[in-house]
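Welcome! Here is a short briefing to read alongside the sequence and the 3D view. Take a look at both before you go on.

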Amino acid sequence: MLQIRCKNNGVTKSFAEGSSLLDVYHEFAPELNIPYPVVSAKVNNASQGLKFRLYQNRDVEFFDARSGSGHRVYVRSLCFVLYKAATDVFPGSKLFIEHPISRGYYCNFKKRGTEVLTDDDVAIIRERMDEIIRQDMPFRRFESTNEEALRIFQDRGFSDKVKLLETSGQIYTDYYMLGDTVDYFYGPLVPSAGYLNVWGLESYHGGLLLRVPDANDPTRLAPMMEQPKTFEMFAEKVRWDIIMRLSNVGDVNKALLRGHASELIQVSEALQEKKIVQIAEEIDKRFRQSDNPIRIVLITGPSSSGKTTFCKRLSIQLLACGIRPLSFSTDDYFVNRVDTPKLPDGSYDFDNVKAVDCELLDDHLERLLAGERVEVPEYNFVTGQREFKGKRLKLQNDSVLIIEGIHALNPMLTERIPETMKFKIFVSALTSISLDDHNWIPTQDNRLLRRIIRDYNKGAFTAQETIAQWKNVCDAEERWILPFQETADVMFNSALNIEFAVLRTHAEIILASVPRNCREYSEAHRLLKFIHYFIPVSDKEIPPTSIMREFVGGSSFKYKR
């Protein structure tokens, strides 16, 4: 008999060898206080599907769709249902699950030939999905040699999966079947389609929007949020991916194996620099117009989006346009530590907009725009005090103010400044490349890996500590940053196609340091598995002005703290 400890309640019970996690859950369920249906579990802090069988003593923990791992399992399973439904009713069609948008997932759907997707087509696919879910069709997992999996996917014409598996270095591979439909996913699925009761499917920008449960209440759909500018930023990146013939990880790996790493780095950096030049030229144009010229450039973005390096590179391009940028950070306007708002657990809420002295900042901006010389503060993060050390700024006729910070687009920060005088920029790392046609790369993973590496290299936090903080970071972004992203005049995507191949060389040893006996091991294990899909590339050819240098080190720019 096995001894299985349930971490949800700390109770240990005996089970027969080979018992599934479903068997274990049914035994523990009456004693657990899990308000929503359980969709996944962790075994010794590693995520597993509920059909996983136990042959040794283990710790297990069960999750509903509110947890990060549970939500991924739910969405992944729903994507398989969508793929099966689409190919069942439209044989020969192609489905590309591209990226998250509007609190759902955008899917590019190509019918056979040149036929255009119609609302009636979407209704037919939706009806077939509903039928599969009502039948409670089981997801079946198979483990095979990599060679056998390659043969299966080659026979079905899945070139995207073939390229991924050919370059992954795996010996054995899992694949899944739903009825007679086969697919590959890089994480577990729910036991059967009947688990997927909350979902939606709509026409969206010529494709499909797969709607998923709310992360806080999985009994209802996540409320839809229109994001036309974000969608266009993704679409622009996808267009460049197609031009460069880099739609998925297999494409990147094949290019690296052919010796094209230098070229990929150079082209990716050139595309970003081209975009920065375009933004600088737009600011220059609006700065020199006779009526309501731009005088303030506001730059924001979520954690580890690369906004600090972007700010420095934009400043250089503005200088090339004959504009002298005057930069400062909203961080210097933090209230004194004693006045900082607190979270329910009593810790300081540094991401709250009330942690910034908006009144003082607004006053200084008004005075600077009026031509006054203003003494601005410098925040001492050691003492938690705002200090005035004689740093004075004056806005000249050929200057613009560049203000960078997480609240830069929040209207509270600059409410006394006319909108016509502001130019707003939103920076984020929106990964458009996919593992394959049905496995997108979560946009947050790019930023989390960047942050883990930067924190570790600076000696600020271990990987375990950074992962432990990440949920609070993302929750704060949802509240204080992302609601304002669509108000931006322009968006800048800081993600690079070759980035994960470079990050792997830095992140691998850092993630491996996370102990197996801590909760954060699950996320470290998932990220390690993910980056192993990429062939590693040295950062030696990454230029010193690259946004990536902000995270892996070696930047020619100087950063505060």
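Two residues are in contact when they have heavy atoms within 4.5 Å. This is a predicted model, in which local features need pLDDT of at least 70 and side-chain atom pairs count only at pLDDT 80 or more, while totals for chains, interfaces and linings use all residues. Residues are numbered from 1 along each chain as its sequence is written, and side-chain values use heavy atoms, with hydrogens and water left out. Helices (H or I, at least four residues) and strands (E, at least two) are DSSP runs, numbered from the N terminus.

**Helix α5 and its neighbours**

- In α5, the residues D160, K161, V162, L164 and L165 are buried, where buried means under 20% relative accessible area, exposed over 50%, and partly exposed in between (1.4 Å probe, protein chains only).
- These buried residues pack against α4 (146-155), β11 (172-178), β12 (181-183), α7 and β23.

**Helix α7**

- Helix α7 covers residues 249-257, and seven of its nine residues are buried, so the rest of the structure largely encloses it.
- Those buried residues are V249, G250, D251, V252, N253, A255 and L256.
- They pack against α5 (159-166), α8 (261-287), β23 (434-436) and α13 (499-511).
- At the start of α7, N248 has a side-chain oxygen within 3.2 Å of the backbone nitrogen of G250.
- After α7 comes G259, with a positive phi near 85°.

**Where α8 meets α9**

- The axes of α8 and helix α9 (residues 307-320) lie 9 Å apart, and the two helices pack at an angle of about 60°.
- That angle makes α8 oblique to α9; angles under 35 degrees count as roughly parallel, over 145 as roughly antiparallel, 65 to 115 as roughly perpendicular and the rest as oblique.
- Axes here are lines fitted to C-alpha atoms, for helices over the stretch in contact, and angles run from 0 to 180 degrees between N-to-C directions.
- From α8, the residues E269, Q272, E273, I276, V277, I279, A280 and I283 meet F310, R313, L314, Q317 and L318 from α9.

**A closer look at Q317**

- Not counting residues up to four places away in sequence, Q317 touches E273, I276, V277 and A280.

**A residue in a loop**

- A29 is in the loop between α1 (21-28) and β4 (38-43).
- With a relative accessible area of 24%, A29 is partly exposed.
- A29 and L78 are 49 residues apart along the chain, and their C-alpha atoms are separated by 24 Å.

Methods
Polar contact = N/O pair within 3.5 Å; in protein donor to acceptor, adjacent residues only side chain to side chain.
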